[in-house]
Amino acid sequence: MLVLFPGQLAAGTCEIVTLDRDSSQPRRTIARQTARCACKKGQIAGTTRARPACVDARIIKTKQWCEMLPCLEGEGCDLLINKSGWTCTQPGGRIKTTTVS
């Protein structure tokens with residue numbers, strides 16, 4: 001039997017704690033989010049299908065971001081040249097860039 005206390009996450013789940021958007025620049029939106037995760041052994045907080053998720057720690061350690069399937073279905077994923085993040089390219093050509101800090 002799994003007993004969760006208020007504010008406690010089930011193992012292997014994540015939740016978004018804060019989400020800030022800045023649309024002050026034309027044709028560009030900067031979004032920053034903070035997530036809280038309760039990952040199982042061998043996992044670490046990451047992103048799957050544009051949502052926070054627990055992913056294999058090896059993906060984060062080696063910075064092979066596209067292996068965690070961070071983009072929405074139908075989008076293409078490419079690593080940034082310096083492996084500081086990834087881009088998701090939509091079929092219409094719109095590009096979303098995510099950097100990890």
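Two strands pair if DSSP finds at least two bridges between them; strands themselves are DSSP runs of E with at least two residues, helices are runs of H or I with at least four, and both are numbered from the N terminus. You are looking at a predicted model, where local features need pLDDT of at least 70, side-chain atom pairs count only at pLDDT 80 or more, and totals for chains, interfaces and linings use all residues. Residues are numbered from 1 along each chain as its sequence is written, and side-chain values use heavy atoms, with hydrogens and water left out.

**Stop 1: a hairpin.** Select residues 43-48, strand 3, and residues 51-56, strand 4; six bridges pair them in the antiparallel sense. Click on Gln 43 and look across to Asp 56, its bridge partner in strand 4. Two residues sit between the strands of this hairpin, and Arg 49 takes a positive phi near 50° there.

Stop 2: Four bridges join strand 5 and strand 6 in the antiparallel sense.

**Stop 3: Thr 87.** Stay in strand 6 and pick Thr 87. Is Thr 87 buried or exposed? Its relative accessible area is 14%, so Thr 87 is buried (under 20%; exposed is over 50%, partly exposed in between, with a 1.4 Å probe and protein chains only). Asp 78 stands opposite Thr 87. Beyond neighbours within four places in sequence, Thr 87 has contacts (heavy atoms within 4.5 Å) that include Cys 71, Ile 95 and Thr 97.

**Stop 4: two rings.** Select Trp 65 and Trp 86, both buried. A search of the whole structure finds one aromatic pair: the ring centres of Trp 65 and Trp 86 are 5.9 Å apart and their planes are at 40°, so the pair is tilted. Rings of Phe, Tyr and Trp (its six-membered ring) pair if their centres lie within 6.5 Å; planes under 30 degrees apart are stacked, over 60 edge-to-face, and the rest tilted. Trp 65 lies in the loop between helix 1 (57-62) and strand 5 (76-79), and Trp 86 in strand 6 (residues 85-89), so the pair ties together parts 21 residues apart in sequence.
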